[in-house]
Structure formats: C-alpha cells, structure tokens
Amino acid sequence: MNQKEIKEIYIKLKDQFGFEAELDCLFYTNIEDKIFLMSKDIQKLDLSKFRVNSFGLYFGKIENSGIRLSVPGTQLIGKKAVKNVLEIDKKEEWLNGENLECDKNLKGWFIVKNNEDFLGCGYCKEGKLTNFIP
C-alpha cells in the first residue's frame, strides 16, 4: 500500500475507534480490500523465489461503512482504542458466532471485548450486534 492509502486507514481507525498510535509494520491489501500486516523484515526476503498465496496477519476489511477489524486486529489496537469499544458479558455466545443485543441507539462498527479479552468486531444497528465470526 502507498502512504496515502495507509494514512486513510489510520484516519478511519482514529475516527471509528479513537486509535491514534502507529503500528510498526507494513500494510498490504488484496483485491477483496482485506488488510494484512507484515513485519518490515519481509523486505529482506527475495519473494520471487517463493510461491505465496497470502502472507501477513489478517487485520481487517475495508467496508463501505468503515473498517471491520479481525479478531487479531482488535487485539492489536484494542488497548489503545478510546471509543466504540463494547463490553459484553456473553463471551461464549459471541465466540460461537451468535448475534447479540445492543443498545438501540448504537450504530456502526464496535470492538467487542469481555474483561481484558478483545473478541473481534461487530456492527450495531437497531438493537442488534451483528457477529462476523464464523
């Protein structure tokens, strides 16, 4: 990704989650607008000698309504996120892929957490927290 695209991701992270830190990694997107993070050490490798289907840590996906973070994505930024973090008490239901109830006034993407565990990202709308965990 070029610097302009990376800057746009940081702007979305700040707008959505109040995240203002920088991640010490390289960003990559695929044709499905999925965002992957890689160690900067990957630049030292000659990748032309490898057959690679994908690489890096799946961080999230760019949606029309913002960034939908993966579980590892929420774990990376969750502790420094200062808004749109939703504390749940139904951890098992969430991890089993169930949708949960949320405040009817909430709308948008939320980092879902239980105590100190960041469990992914869900979309709140009309009192329903939609789960994207299979």
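Reader: Is lysine 14 buried, partly exposed or exposed?
Author: This is a predicted model, and the relative accessible area of lysine 14 comes out at 42%. Buried would need under 20% and exposed over 50%. Lysine 14 therefore counts as partly exposed.

Reader: Which residue forms a salt bridge with lysine 14?
Author: Side chains of opposite charge can pair when their charged atoms come close. For lysine 14, the closest N and O atoms of the pair are 3.8 Å apart, and the cut-off is 4 Å.

Reader: How far apart are the closest N and O atoms of aspartate 41 and lysine 44?
Author: Aspartate 41 is partly exposed at 47%, whereas lysine 44 is exposed at 69%. Their side chains form a salt bridge, one of 6 in the structure. The N to O distance is 3.4 Å.

Reader: Where is threonine 74, and is it buried or exposed?
Author: Threonine 74 sits in helix 2, which covers residues 71-77. Its relative accessibility is 0%, and the limit for buried is under 20%, so threonine 74 is buried.

Reader: Which residue has its backbone nitrogen 3.3 Å from a polar atom of the threonine 74 side chain?
Author: Leaving aside neighbours within four places in sequence, threonine 74 is in contact with several residues, including Ile111, Phe118 and Cys121. Another residue on that list supplies the backbone nitrogen at 3.3 Å. It is glycine 120.

Technical notes:
Residues numbered from 1 in each chain as written. Predicted model: local features only at pLDDT ≥ 70, side-chain atom pairs only at ≥ 80, totals over all residues. Heavy atoms only, no water. Helix = DSSP H or I, 4+ residues; strand = E, 2+ residues; numbered from the N terminus. Buried < 20%, exposed > 50% of the residue type's maximum accessible area, 1.4 Å probe, protein only. Polar contact = N/O pair within 3.5 Å; in protein donor to acceptor, adjacent residues only side chain to side chain. Contact = heavy atoms within 4.5 Å.
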